[in-house]
Protein chains: 2
Amino acid sequence: MIVNSYEGIVGPLDRTIEKALKGDHRSIARLITMVESESVSSRDIMKKIYPHTGNAHLIGVTGSPGAGKSTFLDKLITRIMENGKSIGVIAVDPSSPFTGGAVLGDRLRMQNHSLDPDVFIRSMGTRGSLGGLSRGTYEAALILDACGKDVVLIETVGVGQSEIDIIKIADTVALLLVPGMGDDIQIMKAGIMEIADVFIVNKADRDGTERIVREVNIMLDLQEEKPWRPPVIPTIAENGEGVERAAEAITGHWQFLQNTSEGKRRKYQRLRIEVEEILKREIARIAEKAWDRQIETDILDELFARKKDPYSVAENLLSEFIVR
Amino acid sequence: MIVNSYEGIVGPLDRTIEKALKGDHRSIARLITMVESESVSSRDIMKKIYPHTGNAHLIGVTGSPGAGKSTFLDKLITRIMENGKSIGVIAVDPSSPFTGGAVLGDRLRMQNHSLDPDVFIRSMGTRGSLGGLSRGTYEAALILDACGKDVVLIETVGVGQSEIDIIKIADTVALLLVPGMGDDIQIMKAGIMEIADVFIVNKADRDGTERIVREVNIMLDLQEEKPWRPPVIPTIAENGEGVERAAEAITGHWQFLQNTSEGKRRKYQRLRIEVEEILKREIARIAEKAWDRQIETDILDELFARKKDPYSVAENLLSEFIVR
């Protein structure tokens with residue numbers, strides 16, 4: 001550790017954490033970078049950050065490419081700021097190079113707020129091209145929470161696992177639909193329907209708006225009754241129409257969570273998942289290390305020749321470092 | 001264990017394995033069920049099965065709902081059987097109830113072969129509604145391989161993680177595209193493009209066929225040159241047109257793998273992943289048990305109150321049974 005004499009016995013990392021907790025954007029950005037790159041200090045950072053978390057409203061906004069998420073987010077941010085709340089935004093990009101253009105366009109559309117000193121905006125990668133949210137995304141949300149943001153918006157692109165994962169992170173999930181996307185897409189999205197707390201039907205000046213609102217409501221009717229019935233809200237983000245109602249619905253869900261046992265249930269469930277995810281990651285790391293040592297021997301040749309089987313190999317490996 | 005006196009010292013499980021290895025479909029089905037349900041004997045089964053694996057050509061067929069996978073598979077099966085090869089088919093269903101209808105229709109379309117004594121067809125679930133292939137899918141493929149099938153077809157629905165996972169299992173991945181699905185879908189599929197060994201443009205009597213063939217080829221031109229250039233083959237599965245060429249391309253890829261170092265590289269890579277996956281599953285099992293014990297204490301309350309953090313909790317848990 002480089003010790004800066006001006007800082008006395010407090011190391012630079014502790015200084016950064018201290019400044020971040022006071023809301024300094026540059027320090028927050030630095031912490032997120034360290035955590036995202038899984039630097040050696042990331043666990044220490046998170047341990048120090050964690051006691052300050054638990055206050056922000058974590059909102060996931062998801063939907064297919066072309067649903068108008070960025071425009072909607074832009075308007076939503078304005079609305080939330082008018083209520084005097086500070087905001088952090090995490091935009092999760094699919095890492096595939098093919099979407100580069102579209103994503104860049106989205107970022108530009110959000111530029112409205114990207115120079116705003118009160119809004120912290122950060123892009124992050126997914127775990128793979130369709131691979132769900134990375135652990136880093138959640139940790140970035142925790143950092144923003146700890147550093148005093150009242151609201152943390154997490155934008156995920158509606159591509160596969162990442163929109164399912166969002167429920168592991170967010171208190172409230174807003175799903176953007178858009179009229180006229182075709183039946184097969186609606187079917188593909190079936191699994192995602194179940195995770196939404198608020199449905200936004202954006203581009204509601206298009207044909208088919210009524211139909212999609214009706215379809216979502218029928219689907220909700222078919223589900224077993226729950227204490228929170230997700231509202232279905234038409235918006236035209238482009239001109240801001242309906243965004244106020246959407247914002248109210250999202251805040252309404254947050255209030256619902258805080259006033260009912262459902263909020264606590266979700267938080268406990270998330271804590272469970274959190275520990276499990278950390279465990280899994282640590283376990284994977286241990287397993288990989290153990291296996292890497294083995295791989296230097298001719299074990300792959302033996303497996304290839306079917307002289308050994310992977311089950312026995314794994315068993316032997318485990319017995320080396322696990323006490324039951 | 002129930003000992004059947006007629007079978008002497010050989011237990012019923014060993015009998016089942018023995019019969020399965022000789023190709024008996026009922027015994028094969030029973031083994032797959034045991035492995036899929038993660039029964040206590042599943043590891044023993046796999047250890048006994050494993051030495052007999054490594055001969056079959058594992059083919060993954062993936063593509064969006066509506067691409068015509070089942071019709072294509074049906075025709076492909078006929079074609080492969082004409083070449084005197086035995087076939088096992090594993091169809092991976094998305095577990096979402098919304099797709100129930102469509103999937104049932106698909107199964108009916110494959111009925112052509114479902115009563116065929118030479119074809120073994122089996123449906124399996126995914127890990128979650130969009131959740132990727134389960135470990136059981138791979139083990140089922142290994143069982144079919146060991147039990148003498150020359151070709152194992154694995155059909156995955158093009159929804160999220162399962163089409164990415166297919167590359168961990170299959171020797172050859174065939175990706176079905178279809179003209180006129182809209183740009184956003186093509187973008188969504190960007191990540192999947194990279195895993196295909198053979199592109200099938202099905203329903204090639206539709207408008208837009210030439211365009212999609214051209215687009216895929218442009219995309220392939222942009223990639224770095226590899227020893228195998230995936231062919232792009234138009235088919236009309238409905239009337240069988242082009243299926244012969246598709247079958248030849250798939251077999252051609254298999255021959256390529258066997259005649260070049262690429263085949264060995266892939267097999268070694270798969271063995272690595274295999275051991276890693278087993279390791280992770282075993283460690284996860286131990287960790288879950290430990291975590292379940294913990295959860296009965298007031299640890300979630302302490303986490304909720306931020307008196308503890310999940311990182312330290314996970315660390316302590318692991319230190320209970322792991323020697324580094």
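This note goes through selected features of a predicted model, taken in numbered points.

1. Strand 1 of chain A covers residues 57-63. Seven of its seven residues are buried, so the strand is largely enclosed by the rest of the structure. Burial here means that 20 or more other C-beta atoms lie within 10 Å of a residue's own.

2. The burial of strand 1 of chain A applies to both of its faces.

3. Strand 1 of chain A pairs with strand 4 of chain A (residues 151-157) through seven bridges, and the two strands run parallel. Within this pairing, His57(A) is opposite Val151(A) of strand 4 of chain A. Strand 1 of chain A also pairs with strand 5 of chain A (residues 172-177), again in the parallel sense, over five bridges. There, Thr62(A) has Leu175(A) of strand 5 of chain A as its bridge partner.

4. Helix 2 (residues 25-36) and helix 7 (residues 135-146) of chain A have axes that come within 9 Å and cross at roughly 155°. That angle makes helix 2 of chain A roughly antiparallel to helix 7 of chain A, because angles over 145 degrees count as roughly antiparallel. The crossing of these two helices is right-handed.

5. Which residues make the contact between helix 2 and helix 7 of chain A? From helix 2 of chain A they are Ile28(A), Leu31(A), Ile32(A), Val35(A) and Glu36(A). Helix 7 of chain A supplies Gly136(A), Glu139(A), Ala140(A), Ile143(A) and Leu144(A). Sorted by class, the contact has seven nonpolar, one polar and two charged residues.

6. Helix 12 (residues 243-259) and helix 13 (residues 261-295) of chain A pack at an angle of about 90°, their axes being 4 Å apart. The two helices are therefore roughly perpendicular to each other. Phe256(A), Leu257(A) and Gln258(A) of helix 12 of chain A make the contact with Glu262(A), Gly263(A) and Arg266(A) of helix 13 of chain A. By class, this contact has two nonpolar, two polar and two charged residues.

7. Lys168(A) belongs to helix 8 of chain A, which spans residues 161-169. Is Lys168(A) exposed or partly exposed? It counts as partly exposed, because 18 C-beta neighbours lie inside 10 Å. Lys168(A) and Arg270(A) are 102 residues apart along the chain, yet 6.2 Å separates their C-alpha atoms. If neighbours within four places in sequence are left aside, Lys168(A) is in contact with Arg270(A) and Ile273(A).

8. Arg306(A) has a phi near 60°, which is a positive value in a residue other than glycine. Arg306(A) sits in the loop between helix 14 (299-304) and helix 15 (310-321) of chain A. It counts as exposed because it has 12 C-beta neighbours inside 10 Å.

9. In chain B, Arg306(B) also has phi near 60°, a positive value in a residue other than glycine. Its place is the loop between helix 14 (299-304) and helix 15 (310-321) of chain B. Arg306(B) is exposed, with 12 other C-beta atoms within 10 Å.

Note on methods: Residues are numbered from 1 along each chain as its sequence is written. Chains are lettered from A and ligands numbered from 1 in the order in which they are written. This is a predicted model: local features need pLDDT of at least 70, side-chain atom pairs count only at pLDDT 80 or more; totals for chains, interfaces and linings use all residues. Axes are lines fitted to C-alpha atoms, for helices over the stretch in contact, and angles run from 0 to 180 degrees between N-to-C directions. Angles under 35 degrees count as roughly parallel, over 145 as roughly antiparallel, 65 to 115 as roughly perpendicular and the rest as oblique. A crossing is left-handed if the near helix is turned anticlockwise from the far one by less than a right angle, and right-handed if clockwise. Two residues are in contact if their C-beta atoms, placed from the backbone, lie within 7 Å. Ala, Val, Leu, Ile, Met, Phe, Trp, Tyr, Cys and Pro count as nonpolar, Asp, Glu, Lys and Arg as charged, and the others, Gly among them, as polar. Two strands pair if DSSP finds at least two bridges between them.
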